[in-house]
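User: I am new to this structure and would appreciate a close look at a single part of it. Please take me through that part step by step.
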Amino acid sequence: MRALALVLLGLGLGSALLSGCGSDNPPGAVHVSSMAQEIGPVSANFVTRALDRAERQDAAAWILMMDTPGGLISSTDDIVQRILAAEIPVIIFVSPAGARAASAGTFITMAAHIAAMAPNTQIGAAHPISGSGGDIDGDLREKVTNDAAADIRGIAKHRGRNEDWAEEAVRESVSITGDEAVELNVVDLTAYNLQDLIDQIDGREILLDPDGETITLELAGAPIVETNYNLAESILDVIADPNIAFIFTSIGSLLLLIEAFSPGLVGPGVFGVIMLIFGFFALGPLDTNPAGIALLVLALVLLIAEVFVAGFGFLGIGGIIALILGGLLLIGDASVDAEKVSIWALIVGAGLVGVVVFGLGTLVAVDRRRPKWSFQASQGIVGKEGVAHIALAPGGTVMVEAELWSARSAGGVEIGEGSSIKVVGMEGLTAIVESTEPPEDADE
């Protein structure tokens with residue numbers, strides 16, 4: 001556990017240090033970032049961090065090289081609002097060749113001061129869909145579509161771009177190439193690569209805000225400063241998913257249960273804690289419901305309590321119900337496209353926990369009902385010899401006839417690990433043992 005803590009601490013400090021590197025960059029540099037994934041809470045946090053750094057270091061401009069199939073409306077809104085509030089020029093470059101700014105990417109691209117696309121790239125297809133990837137039905141569909149259409153028209157008008165096409169991209173899911181986007185005043189230019197982009201926009205005048213000052217871009221010869229995903233963001237980008245978070249939490253609870261049923265095992269408990277940490281870590285950037293989190297914690301408490309309390313399985317059943325309800329309520333309803341925990345993740349997570357709880361619980365119940373004298377007689381280990389598996393001081397474990405037993409040394413005498421022992425009695429399921437090793441001064 002100490003080694004694990006040091007590793008996690010090292011990763012965290014390393015990530016923080018990498019994020020803060022380059023704080024002495026000269027003003028007037030061109031800050032460049034890359035984002036090639038779905039738009040989500042991690043993406044929104046990354047854009048904010050990268051743009052904050054560029055502003056803090058008086059960058060000449062911030063260029064985001066983007067390739068995305070779309071993403072969450074709520075995260076897209078956060079990114080667009082941050083770009084519209086930027087104090088330096090923001091350039092969105094849909095690249096490399098073959099990339100796309102689909103759905104949420106269309107909103108982000110049109111929000112930039114300068115929008116550019118590489119050859120053989122696409123933009124559009126911005127019709128809202130549900131978090132599961134399907135269509136939104138009923139009145140909610142019309143409501144969400146109208147809201148998105150008004151939003152993108154406002155963005156296009158703010159930047160002086162084609163409002164009608166922007167609305168059509170939302171309502172009709174139209175998509176166009178980079179050359180067509182320039183002709184339709186959707187983006188400003190096409191560029192083959194980053195250097196070609198910088199060469200084309202150098203000297204261009206832009207308005208930071210429609211009511212603000214005009215700025216002339218001076219990018220020729222400016223140093224390039226890269227700000228990309230740090231370690232924590234890279235991990236979160238993979239695991240920040242409600243299904244993954246729920247499975248991690250379920251498996252973590254499962255491993256802790258195994259540890260509680262078998263105290264001699266150390267591995268399951270350690271890995272259970274790790275899984276729980278990553279499960280709740282994954283929930284961090286998501287729009288979680290406090291009630292769902294509380295139910296998951298309650299499920300863990302009830303499941304562990306089932307091990308120690310003879311409750312006829314009621315605590316275990318309550319824990320599984322709390323786990324399922326926690327999964328159902330885990331993600332809030334702030335965004336219509338927010339992905340929920342799938343029914344399959346609920347079945348797998350709750351099913352695994354249920355099998356372990358009632359399987360091991362049955363074994364414990366049978367053992368509790370068995371008379372101690374009968375159990376001892378059936379094992380027949382009194383009088384048998386073995387070795388101390390873990391040093392007895394005075395409690396520990398011994399190995400007798402290839403079986404591990406909880407043990408206590410007679411008279412409280414310390415018996416070292418690996419020493420020969422003999423079972424002289426039983427107290428419940430605890431063996432009372434004596435050392436059969438000769439005294440150290442036996443040859444004197």
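Analyst: Asn185 lies in the loop between α7 (178-183) and β8 (189-190). Here helices (H or I, at least four residues) and strands (E, at least two) are DSSP runs, numbered from the N terminus. The structure is a predicted model, in which local features need pLDDT of at least 70 and side-chain atom pairs count only at pLDDT 80 or more, while totals for chains, interfaces and linings use all residues. Residues are numbered from 1 along each chain as its sequence is written, and side-chain values use heavy atoms, with hydrogens and water left out.

Although Asn185 is not a glycine, its phi is positive, at about 60°. Asn185 counts as partly exposed because its relative accessibility is 36%; buried means under 20% relative accessible area, exposed over 50%, and partly exposed in between (1.4 Å probe, protein chains only).

At its start, a side-chain oxygen of Asn193 comes to within 3.3 Å of the backbone nitrogen of Gln195. This is a polar contact, that is, a pair of N or O atoms within 3.5 Å; within protein, one must be able to donate a hydrogen and the other to accept it, and residues adjacent in sequence count only if both atoms are side-chain atoms.

An α-helix has 3.6 residues a turn, so residues three or four places apart point the same way.

Just after the helix, Gly203 adopts a positive phi of about 90°.

In the largest nonpolar core, which has 70 residues, Trp62 and Ile123 touch the most other members. Such a core is a set of buried Ala, Val, Leu, Ile, Met, Phe, Trp, Tyr and Cys residues joined through side-chain atoms within 4.5 Å. Its largest share, seven residues, comes from helix α2 (residues 41-56). Another core, of 20 residues, lies apart from it, and Ile198 is among its members, as are Ala60, Phe93 and Leu189.
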